[in-house]
Amino acid sequence: MKKIRVAIVDDNAVIRSSVRRVLSGHHQIELVGEATNGAEALLLVEKNRLDVLVLDMEMPVMNGVDVLITLQKKGMPVKVVVLSVYNDDLFVQSILEHGAVDYVTKEEGPRRILSAILKAGMSALAAKQIENGRSLVSE
């Protein structure tokens with residue numbers, strides 16, 4: 001089975017390390033890279049054919065909302081799981097409307113984070129498989 005290609009974007013090194021620990025050793029996940037701000041996140045997506053981007057909202061240089069908007073405008077197919085401290089329903093709804101596939105608060109714990117990443121990753125891999133099937137049929 002193909003591995004889910006994941007990158008972590010958070011300006012907090014402790015959070016990145018915690019998420020890395022959750023993902024490390026999971027047989028379905030390949031950690032491709034890490035970034036500390038939104039501009040670096042966009043470079044990771046452009047260069048690495050990611051399946052899932054784990055994205056913080058409050059970061060220097062470019063925040064998470066701007067990353068989501070840019071990904072949508074460019075039509076980049078990466079699935080975004082937002083990992084944030086905010087727990088406001090209107091904020092979460094706005095983030096999902098901007099293209100995130102899931103929203104996890106940093107307090108929810110490792111199982112919830114892993115579950116969200118796996119779900120998003122399986123969706124990304126299924127979409128790629130369908131797209132590959134379409135290209136084979138159209139040739």
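This briefing describes the fold, the surface and a few local features of one protein chain.

The model is predicted, so local features are reported only where pLDDT is at least 70 and side-chain atom pairs only at pLDDT 80 or more, while totals for chains, interfaces and linings use all residues. Residues are numbered from 1 along each chain as its sequence is written, and side-chain values use heavy atoms, with hydrogens and water left out.

**Overall fold**

- The chain contains five helices and five strands, where helices (H or I, at least four residues) and strands (E, at least two) are DSSP runs numbered from the N terminus.
- Read from the N terminus, the elements follow the order β-α-β-α-β-α-β-α-β-α.
- The radius of gyration of the chain is 14 Å, which agrees with the value near 14 Å for a compact globule of 139 residues; this radius is taken over C-alpha atoms, and the globule rule is 2.2 Å times the number of residues to the power 0.38.
- Along the principal axes, the C-alpha atoms of the chain fill a box of roughly 45 × 35 × 25 Å.

**Interior, contacts and surface**

- Of the 139 residues in the chain, 43% are buried (buried means under 20% relative accessible area, exposed over 50%, and partly exposed in between, with a 1.4 Å probe and protein chains only).
- Among the contacts with a separation of 6 or more, 63% join residues 24 or more positions apart, a contact being heavy atoms within 4.5 Å.
- The chain exposes about 7,700 Å², of which carbon and sulfur atoms supply 53%; accessible areas come from the Shrake-Rupley method with a 1.4 Å probe, and for residues only the protein chains shown count as cover.
- There are 17 positive and 18 negative side chains, and the centres of the two sets lie 8 Å apart; Lys and Arg count as positive and Asp and Glu as negative, without His and the chain ends, and each charge is placed at NZ of Lys, CZ of Arg, CG of Asp or CD of Glu.

**Helix α3**

- In helix α3 (residues 64–74), the buried residues are G64, V67, L68, T70 and L71.
- These residues lie on the same side of α3 because they cover an arc of only 165 degrees around the axis, the arc being that of the directions from the helix axis to the C-beta atoms.
- The buried residues of α3 pack against α2 (38–48), β3 (52–55), β4 (79–84) and α4 (89–97).

**Two loop residues with positive phi**

- R49, in the loop between α2 and β3, has a positive phi of about 45 degrees although it is not a glycine, and R49 counts as exposed because its relative accessibility is 62%.
- V61, in the loop between β3 and α3, is not a glycine either and has a positive phi of about 70 degrees; V61 counts as exposed at 69% relative accessibility.
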